[in-house]
Amino acid sequence: MQISQRMAAARPLATTAMHGRVEALQAAGEAVIDFSIAISHFDAPEAVRRSVADAALHTRLAYTSVSGAAALRQQLAAKVRHDNAIDAQPHEIIVTNGAKQALYEALSVLTDPGDTVIVLCPYWPAYLATAQLLGLKVILVDLPDRLDAAFLAALPLAHVFILNNPHNPSGKVFSADELGLLAAWLGEHDCAAIVDESYEKLIFEGRHLSLASLADWRALCIVTLFSASQSYAMMGWRAGFAVAPGAVVQAMENLQGPITAAPSALTQVALGAAFASAESAALVADYRIRRDLVLQQLAPAAWIKMHCPDSGPYLWGDVRALGCNTVAFADQLLAQYKVALMPGDALGRPGWIRIGYIGDDLATLQRGVAAVLAFGNALHAGAATLALPA
Ligand code: PMP
(Lines give C-alpha, C1' and ligand atoms only; values in the text may rest on other atoms or scores of the structure.)
Protein backbone atom coordinates (compact mmCIF):
# COMPACT_ATOMS: atom_id res chain seq x y z
CA MET A 1 0.00 0.00 0.00
CA GLN A 2 1.29 3.40 -0.94
CA ILE A 3 0.10 6.64 0.66
CA SER A 4 0.53 9.62 -1.66
CA GLN A 5 3.51 11.89 -0.97
CA ARG A 6 1.10 14.73 -0.30
CA MET A 7 -0.77 12.84 2.41
CA ALA A 8 2.16 10.89 3.83
CA ALA A 9 3.53 14.13 5.25
CA ALA A 10 0.20 15.17 6.78
CA ARG A 11 -0.34 14.86 10.52
CA PRO A 12 -3.48 15.14 12.67
CA LEU A 13 -4.16 18.64 13.96
CA ALA A 14 -2.33 19.07 17.27
CA THR A 15 -5.48 20.35 18.95
CA THR A 16 -7.72 17.50 17.90
CA ALA A 17 -4.89 15.02 18.61
CA MET A 18 -4.67 16.23 22.24
CA HIS A 19 -8.43 16.03 22.58
CA GLY A 20 -8.23 12.48 21.14
CA ARG A 21 -5.74 11.53 23.87
CA VAL A 22 -8.17 12.85 26.47
CA GLU A 23 -11.03 10.84 24.98
CA ALA A 24 -8.91 7.68 24.98
CA LEU A 25 -8.05 8.19 28.67
CA GLN A 26 -11.68 8.90 29.49
CA ALA A 27 -12.76 5.75 27.62
CA ALA A 28 -10.27 3.82 29.78
CA GLY A 29 -12.08 5.11 32.86
CA GLU A 30 -9.76 8.01 33.83
CA ALA A 31 -11.34 11.24 35.07
CA VAL A 32 -9.56 13.81 32.90
CA ILE A 33 -10.27 17.55 32.96
CA ASP A 34 -9.94 18.83 29.42
CA PHE A 35 -8.78 22.40 28.78
CA SER A 36 -7.09 21.45 25.50
CA ILE A 37 -9.84 22.74 23.21
CA ALA A 38 -12.93 24.83 23.81
CA ILE A 39 -16.02 22.66 23.94
CA SER A 40 -18.83 24.56 25.58
CA HIS A 41 -20.77 23.23 28.55
CA PHE A 42 -23.82 24.91 26.94
CA ASP A 43 -26.23 22.98 24.76
CA ALA A 44 -27.07 24.31 21.31
CA PRO A 45 -29.84 26.95 21.50
CA GLU A 46 -33.26 25.44 22.13
CA ALA A 47 -34.56 26.98 18.88
CA VAL A 48 -31.89 25.00 17.01
CA ARG A 49 -32.79 21.70 18.62
CA ARG A 50 -36.52 22.25 18.11
CA SER A 51 -36.11 23.25 14.45
CA VAL A 52 -33.95 20.22 13.72
CA ALA A 53 -36.33 17.82 15.48
CA ASP A 54 -39.21 19.34 13.59
CA ALA A 55 -37.41 19.13 10.24
CA ALA A 56 -36.39 15.52 10.88
CA LEU A 57 -39.96 14.55 11.70
CA HIS A 58 -41.86 16.56 9.15
CA THR A 59 -39.78 17.26 6.04
CA ARG A 60 -38.23 15.16 3.28
CA LEU A 61 -34.69 16.50 3.64
CA ALA A 62 -33.99 16.37 -0.07
CA TYR A 63 -30.69 17.42 -1.63
CA THR A 64 -30.20 21.17 -1.62
CA SER A 65 -27.97 23.03 -4.02
CA VAL A 66 -24.29 22.50 -3.17
CA SER A 67 -23.82 25.97 -1.69
CA GLY A 68 -26.88 25.58 0.55
CA ALA A 69 -30.65 26.00 0.32
CA ALA A 70 -31.68 29.24 -1.38
CA ALA A 71 -33.74 30.45 1.60
CA LEU A 72 -30.85 29.85 3.98
CA ARG A 73 -28.40 31.77 1.79
CA GLN A 74 -30.88 34.58 1.66
CA GLN A 75 -31.09 34.59 5.47
CA LEU A 76 -27.31 34.50 5.85
CA ALA A 77 -26.83 37.31 3.34
CA ALA A 78 -29.28 39.36 5.42
CA LYS A 79 -27.38 38.38 8.60
CA VAL A 80 -24.03 39.63 7.27
CA ARG A 81 -25.61 42.81 5.94
CA HIS A 82 -27.23 43.48 9.33
CA ASP A 83 -24.62 42.21 11.83
CA ASN A 84 -21.42 42.69 9.85
CA ALA A 85 -22.18 45.52 7.40
CA ILE A 86 -21.04 43.29 4.52
CA ASP A 87 -23.33 44.03 1.58
CA ALA A 88 -23.50 40.43 0.34
CA GLN A 89 -26.08 38.82 -1.92
CA PRO A 90 -27.21 35.16 -1.63
CA HIS A 91 -25.01 34.00 -4.55
CA GLU A 92 -22.01 35.26 -2.54
CA ILE A 93 -22.70 32.83 0.32
CA ILE A 94 -21.66 29.18 0.55
CA VAL A 95 -22.77 26.96 3.45
CA THR A 96 -20.11 24.53 4.67
CA ASN A 97 -19.47 21.80 7.22
CA GLY A 98 -17.92 24.25 9.68
CA ALA A 99 -15.36 26.98 9.11
CA LYS A 100 -12.66 24.36 8.50
CA GLN A 101 -14.23 23.21 5.25
CA ALA A 102 -14.74 26.82 4.17
CA LEU A 103 -11.08 27.57 4.95
CA TYR A 104 -9.84 24.61 2.90
CA GLU A 105 -12.06 25.52 -0.02
CA ALA A 106 -11.25 29.23 0.05
CA LEU A 107 -7.52 28.62 0.25
CA SER A 108 -7.73 26.04 -2.57
CA VAL A 109 -9.55 28.51 -4.76
CA LEU A 110 -7.25 31.47 -4.06
CA THR A 111 -3.89 29.73 -4.45
CA ASP A 112 -1.81 27.28 -6.46
CA PRO A 113 0.92 25.04 -4.98
CA GLY A 114 3.99 27.08 -4.09
CA ASP A 115 2.03 30.29 -3.47
CA THR A 116 2.64 32.20 -0.26
CA VAL A 117 0.29 32.75 2.65
CA ILE A 118 0.82 35.05 5.62
CA VAL A 119 -0.33 33.62 8.96
CA LEU A 120 -0.06 35.54 12.21
CA CYS A 121 1.70 33.70 15.04
CA PRO A 122 0.44 32.36 17.41
CA TYR A 123 -2.06 30.69 15.11
CA TRP A 124 -4.96 28.26 14.98
CA PRO A 125 -3.25 25.03 13.85
CA ALA A 126 -5.77 24.43 11.03
CA TYR A 127 -4.34 27.40 9.08
CA LEU A 128 -0.94 25.74 8.87
CA ALA A 129 -2.27 22.24 8.30
CA THR A 130 -4.55 23.41 5.47
CA ALA A 131 -1.78 25.44 3.82
CA GLN A 132 0.56 22.45 4.06
CA LEU A 133 -2.03 20.12 2.50
CA LEU A 134 -2.27 22.52 -0.42
CA GLY A 135 1.51 22.78 -0.87
CA LEU A 136 1.65 26.46 0.06
CA LYS A 137 4.54 28.39 1.57
CA VAL A 138 3.51 29.76 4.94
CA ILE A 139 5.10 32.99 6.10
CA LEU A 140 4.68 33.30 9.85
CA VAL A 141 4.54 36.85 11.15
CA ASP A 142 4.36 37.67 14.86
CA LEU A 143 0.94 38.92 15.93
CA PRO A 144 1.50 42.59 16.76
CA ASP A 145 0.05 44.19 19.90
CA ARG A 146 -1.16 46.83 17.48
CA LEU A 147 -1.36 46.41 13.74
CA ASP A 148 0.15 49.70 12.51
CA ALA A 149 1.97 51.20 9.55
CA ALA A 150 5.37 49.97 10.77
CA PHE A 151 4.03 46.42 11.03
CA LEU A 152 2.59 46.56 7.53
CA ALA A 153 5.72 48.13 6.06
CA ALA A 154 7.72 45.11 7.26
CA LEU A 155 5.34 42.54 5.76
CA PRO A 156 6.55 40.39 2.89
CA LEU A 157 4.49 40.09 -0.28
CA ALA A 158 2.08 37.16 -0.38
CA HIS A 159 -0.87 35.81 -2.32
CA VAL A 160 -3.19 35.50 0.70
CA PHE A 161 -3.28 37.02 4.18
CA ILE A 162 -5.12 34.94 6.78
CA LEU A 163 -6.59 37.02 9.57
CA ASN A 164 -8.38 35.59 12.58
CA ASN A 165 -10.54 38.30 14.12
CA PRO A 166 -11.28 37.87 17.02
CA HIS A 167 -8.01 36.02 17.42
CA ASN A 168 -7.45 32.55 18.84
CA PRO A 169 -5.56 32.17 21.17
CA SER A 170 -4.81 35.77 22.26
CA GLY A 171 -8.41 37.07 22.31
CA LYS A 172 -7.33 40.18 20.38
CA VAL A 173 -10.18 42.06 18.69
CA PHE A 174 -8.80 44.18 15.84
CA SER A 175 -9.87 47.84 15.85
CA ALA A 176 -11.34 49.83 12.97
CA ASP A 177 -8.01 51.66 12.56
CA GLU A 178 -6.04 48.44 12.35
CA LEU A 179 -8.47 46.87 9.89
CA GLY A 180 -8.55 50.02 7.75
CA LEU A 181 -4.75 50.01 7.48
CA LEU A 182 -4.75 46.32 6.62
CA ALA A 183 -7.40 46.79 3.92
CA ALA A 184 -5.31 49.54 2.33
CA TRP A 185 -2.18 47.35 2.42
CA LEU A 186 -4.07 44.43 0.80
CA GLY A 187 -5.22 46.71 -2.00
CA GLU A 188 -1.76 48.19 -2.57
CA HIS A 189 -0.11 44.77 -2.66
CA ASP A 190 -2.76 42.85 -4.57
CA CYS A 191 -3.07 40.33 -1.76
CA ALA A 192 -6.33 38.43 -1.14
CA ALA A 193 -7.53 37.79 2.41
CA ILE A 194 -9.33 35.08 4.30
CA VAL A 195 -10.81 36.48 7.49
CA ASP A 196 -11.95 33.93 10.02
CA GLU A 197 -14.64 35.54 12.20
CA SER A 198 -15.72 32.38 13.99
CA TYR A 199 -15.51 34.13 17.37
CA GLU A 200 -17.46 37.22 16.29
CA LYS A 201 -20.13 36.78 18.98
CA LEU A 202 -17.83 36.03 21.92
CA ILE A 203 -16.82 39.61 22.66
CA PHE A 204 -16.17 40.82 26.24
CA GLU A 205 -14.64 44.23 25.48
CA GLY A 206 -14.68 46.42 22.41
CA ARG A 207 -16.60 45.85 19.24
CA HIS A 208 -16.07 43.29 16.53
CA LEU A 209 -15.80 44.71 13.03
CA SER A 210 -15.58 42.77 9.80
CA LEU A 211 -12.66 43.69 7.56
CA ALA A 212 -15.00 43.27 4.59
CA SER A 213 -17.24 46.06 5.90
CA LEU A 214 -14.41 48.60 5.66
CA ALA A 215 -13.36 48.06 2.07
CA ASP A 216 -14.51 47.04 -1.37
CA TRP A 217 -14.32 43.38 -0.42
CA ARG A 218 -15.16 42.11 -3.89
CA ALA A 219 -12.34 44.10 -5.49
CA LEU A 220 -9.87 43.14 -2.73
CA CYS A 221 -11.01 39.52 -2.82
CA ILE A 222 -11.80 39.15 0.87
CA VAL A 223 -13.38 35.87 1.95
CA THR A 224 -15.03 35.98 5.38
CA LEU A 225 -15.65 32.78 7.35
CA PHE A 226 -18.37 32.30 9.95
CA SER A 227 -19.22 29.33 12.16
CA ALA A 228 -21.92 28.29 14.59
CA SER A 229 -19.38 26.20 16.55
CA GLN A 230 -18.25 28.87 18.99
CA SER A 231 -20.91 31.55 18.59
CA TYR A 232 -23.74 29.13 19.46
CA ALA A 233 -21.96 26.28 21.31
CA MET A 234 -22.51 23.98 18.31
CA MET A 235 -19.07 22.42 17.88
CA GLY A 236 -20.32 19.00 16.81
CA TRP A 237 -22.99 20.27 14.43
CA ARG A 238 -20.41 21.22 11.81
CA ALA A 239 -22.20 24.31 10.62
CA GLY A 240 -20.48 27.28 9.00
CA PHE A 241 -20.48 29.46 5.93
CA ALA A 242 -18.35 31.81 3.87
CA VAL A 243 -19.01 35.14 2.18
CA ALA A 244 -16.91 35.66 -0.94
CA PRO A 245 -17.06 37.28 -4.38
CA GLY A 246 -19.44 35.31 -6.63
CA ALA A 247 -16.67 33.76 -8.76
CA VAL A 248 -14.89 32.51 -5.63
CA VAL A 249 -18.12 31.03 -4.25
CA GLN A 250 -18.70 29.31 -7.60
CA ALA A 251 -15.20 27.77 -7.52
CA MET A 252 -15.62 26.73 -3.86
CA GLU A 253 -18.89 25.09 -4.85
CA ASN A 254 -17.09 23.16 -7.61
CA LEU A 255 -14.71 21.79 -4.99
CA GLN A 256 -17.37 21.09 -2.38
CA GLY A 257 -19.73 19.34 -4.82
CA PRO A 258 -17.80 16.11 -5.33
CA ILE A 259 -16.71 15.87 -1.68
CA THR A 260 -19.71 16.50 0.56
CA ALA A 261 -22.15 18.18 -1.82
CA ALA A 262 -24.11 20.53 0.45
CA PRO A 263 -23.82 20.09 4.22
CA SER A 264 -26.57 17.85 5.60
CA ALA A 265 -30.02 19.38 5.29
CA LEU A 266 -30.37 19.11 9.08
CA THR A 267 -27.14 21.05 9.57
CA GLN A 268 -28.54 23.74 7.31
CA VAL A 269 -31.71 23.94 9.38
CA ALA A 270 -29.55 24.16 12.52
CA LEU A 271 -27.36 26.91 11.03
CA GLY A 272 -30.37 29.00 10.06
CA ALA A 273 -31.99 28.63 13.48
CA ALA A 274 -28.71 29.43 15.26
CA PHE A 275 -28.03 32.69 13.45
CA ALA A 276 -31.70 33.70 13.92
CA SER A 277 -31.39 33.26 17.72
CA ALA A 278 -29.95 35.69 20.22
CA GLU A 279 -28.51 33.14 22.60
CA SER A 280 -24.86 34.15 22.31
CA ALA A 281 -25.45 36.80 24.98
CA ALA A 282 -25.97 34.08 27.61
CA LEU A 283 -22.72 32.40 26.61
CA VAL A 284 -20.76 35.62 26.83
CA ALA A 285 -22.09 36.42 30.31
CA ASP A 286 -21.23 32.92 31.54
CA TYR A 287 -17.79 32.83 29.91
CA ARG A 288 -16.89 36.22 31.37
CA ILE A 289 -17.44 34.89 34.89
CA ARG A 290 -15.26 31.86 34.16
CA ARG A 291 -12.55 33.92 32.49
CA ASP A 292 -12.34 36.19 35.55
CA LEU A 293 -12.38 33.26 37.99
CA VAL A 294 -9.46 31.55 36.28
CA LEU A 295 -7.49 34.78 36.03
CA GLN A 296 -8.07 35.38 39.73
CA GLN A 297 -7.05 31.85 40.63
CA LEU A 298 -3.80 32.09 38.67
CA ALA A 299 -2.98 35.67 39.70
CA PRO A 300 -0.73 34.70 42.66
CA ALA A 301 1.55 32.58 40.44
CA ALA A 302 4.73 34.46 39.55
CA TRP A 303 5.57 32.00 36.76
CA ILE A 304 2.62 32.70 34.50
CA LYS A 305 1.69 35.97 32.79
CA MET A 306 -1.82 36.19 31.41
CA HIS A 307 -3.57 39.23 30.11
CA CYS A 308 -7.33 39.48 30.32
CA PRO A 309 -8.64 38.59 26.82
CA ASP A 310 -11.20 40.80 25.07
CA SER A 311 -12.88 37.82 23.42
CA GLY A 312 -13.01 34.08 23.02
CA PRO A 313 -13.02 30.93 25.12
CA TYR A 314 -9.28 30.74 25.88
CA LEU A 315 -6.70 32.09 28.28
CA TRP A 316 -3.24 32.40 26.80
CA GLY A 317 -0.40 32.27 29.31
CA ASP A 318 3.29 33.09 29.04
CA VAL A 319 5.11 30.50 31.18
CA ARG A 320 8.62 31.18 29.92
CA ALA A 321 9.59 32.01 33.51
CA LEU A 322 9.45 28.27 34.19
CA GLY A 323 12.22 27.76 31.63
CA CYS A 324 10.68 24.46 30.62
CA ASN A 325 9.64 22.63 27.47
CA THR A 326 5.90 23.28 27.25
CA VAL A 327 5.15 20.04 25.37
CA ALA A 328 6.72 18.18 28.30
CA PHE A 329 4.79 20.44 30.70
CA ALA A 330 1.50 19.47 29.04
CA ASP A 331 2.45 15.78 28.88
CA GLN A 332 3.40 15.59 32.53
CA LEU A 333 0.37 17.60 33.65
CA LEU A 334 -1.83 15.10 31.84
CA ALA A 335 0.02 12.06 33.15
CA GLN A 336 0.33 13.21 36.75
CA TYR A 337 -2.68 15.48 37.35
CA LYS A 338 -5.08 14.27 34.62
CA VAL A 339 -5.50 17.78 33.26
CA ALA A 340 -5.09 18.48 29.53
CA LEU A 341 -4.13 21.85 28.02
CA MET A 342 -2.50 22.94 24.76
CA PRO A 343 1.20 23.66 24.81
CA GLY A 344 1.86 26.86 22.85
CA ASP A 345 4.20 24.84 20.61
CA ALA A 346 1.12 23.58 18.75
CA LEU A 347 0.15 27.19 18.01
CA GLY A 348 3.65 28.32 17.05
CA ARG A 349 4.74 29.65 20.47
CA PRO A 350 6.79 27.35 22.67
CA GLY A 351 6.89 28.66 26.24
CA TRP A 352 3.19 29.48 26.31
CA ILE A 353 0.11 27.48 27.28
CA ARG A 354 -3.53 27.76 26.26
CA ILE A 355 -6.40 26.98 28.60
CA GLY A 356 -9.88 26.45 27.15
CA TYR A 357 -12.10 27.29 30.10
CA ILE A 358 -15.68 26.83 28.89
CA GLY A 359 -16.12 23.08 29.15
CA ASP A 360 -16.95 22.04 32.69
CA ASP A 361 -18.98 23.02 35.70
CA LEU A 362 -17.31 25.70 37.82
CA ALA A 363 -16.08 23.31 40.53
CA THR A 364 -14.33 21.11 37.94
CA LEU A 365 -12.88 24.17 36.22
CA GLN A 366 -11.43 25.37 39.51
CA ARG A 367 -10.09 21.92 40.38
CA GLY A 368 -8.33 21.73 37.00
CA VAL A 369 -6.84 25.19 37.37
CA ALA A 370 -5.71 24.32 40.93
CA ALA A 371 -3.80 21.36 39.42
CA VAL A 372 -2.12 23.62 36.84
CA LEU A 373 -1.20 26.00 39.66
CA ALA A 374 0.17 23.22 41.89
CA PHE A 375 2.24 21.75 39.05
CA GLY A 376 3.62 25.13 37.94
CA ASN A 377 4.40 26.11 41.54
CA ALA A 378 6.28 22.84 42.09
CA LEU A 379 8.33 23.34 38.91
CA HIS A 380 9.01 26.95 39.78
CA ALA A 381 10.16 26.06 43.29
CA GLY A 382 12.39 23.28 41.91
CA ALA A 383 10.29 20.68 43.72
CA ALA A 384 9.43 18.95 40.44
CA THR A 385 11.32 18.42 37.20
CA LEU A 386 10.34 17.57 33.65
CA ALA A 387 11.59 14.65 31.63
CA LEU A 388 12.52 16.89 28.67
CA PRO A 389 14.87 19.89 28.91
CA ALA A 390 13.74 23.36 27.79
N1 PMP B 1 -11.70 29.22 13.55
C2 PMP B 1 -10.95 29.21 14.67
C3 PMP B 1 -9.81 30.16 14.79
C4 PMP B 1 -11.24 28.33 15.71
O5 PMP B 1 -10.47 28.31 16.80
C6 PMP B 1 -12.35 27.48 15.61
C7 PMP B 1 -12.72 26.53 16.71
N8 PMP B 1 -11.70 25.78 17.18
C9 PMP B 1 -13.11 27.54 14.44
C10 PMP B 1 -12.76 28.40 13.42
C11 PMP B 1 -14.32 26.68 14.27
O12 PMP B 1 -14.16 25.80 13.24
P13 PMP B 1 -15.40 24.89 12.81
O14 PMP B 1 -16.48 25.82 12.36
O15 PMP B 1 -14.85 24.04 11.72
O16 PMP B 1 -15.81 24.10 14.02
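Reader: Is Ala233 buried or exposed here?

Author: Ala233 counts as buried, at 8% relative accessibility, where buried means under 20% relative accessible area, exposed over 50%, and partly exposed in between, with a 1.4 Å probe and protein chains only. This is a predicted model, in which local features need pLDDT of at least 70 and side-chain atom pairs count only at pLDDT 80 or more, while totals for chains, interfaces and linings use all residues. Residues are numbered from 1 along each chain as its sequence is written, and side-chain values use heavy atoms, with hydrogens and water left out.

Reader: What about the phi of Ala233, and where does the residue sit?

Author: Although Ala233 is not a glycine, its phi is positive, at about 55 degrees, and the residue is found in the loop between helix 10 (228-231) and strand 8 (240-243); helices (H or I, at least four residues) and strands (E, at least two) are DSSP runs, numbered from the N terminus.

Reader: And which loop holds Ala261?

Author: Ala261 is placed in the loop between helix 11 (246-259) and helix 12 (265-276). Its phi is near 55 degrees, again a positive value in a residue other than glycine, and Ala261 is partly exposed, with a relative accessible area of 24%.

Reader: Switching to prolines, which peptide bond is cis at Pro166?

Author: The bond from Asn165 to Pro166 is cis, with omega near -5 degrees, and Pro166 lies in the loop between strand 5 (160-164) and helix 8 (176-188). Pro169 is also found in the loop between strand 5 and helix 8, and a cis peptide bond with omega of about 15 degrees joins Asn168 and Pro169.

Reader: OK, cysteines now: how many disulfides turn up in the whole structure?

Author: A search of the whole structure finds zero, taking a disulfide as a pair of cysteine sulfur atoms within 2.5 Å. For Cys121, the nearest cysteine sulfur is that of Cys191, 18 Å away, and Cys121 is buried, with a relative accessible area of 5%.

Reader: How far away is the nearest cysteine sulfur for Cys221?

Author: For Cys221, which is in no disulfide, the nearest cysteine sulfur is again that of Cys191, 9.8 Å away, and Cys221 is buried, with a relative accessible area of 17%.

Reader: Last one: where does Ile3 lie, and is it buried, exposed or partly exposed?

Author: Ile3 lies in the segment before helix 1 (5-8) and is partly exposed, with a relative accessible area of 49%.
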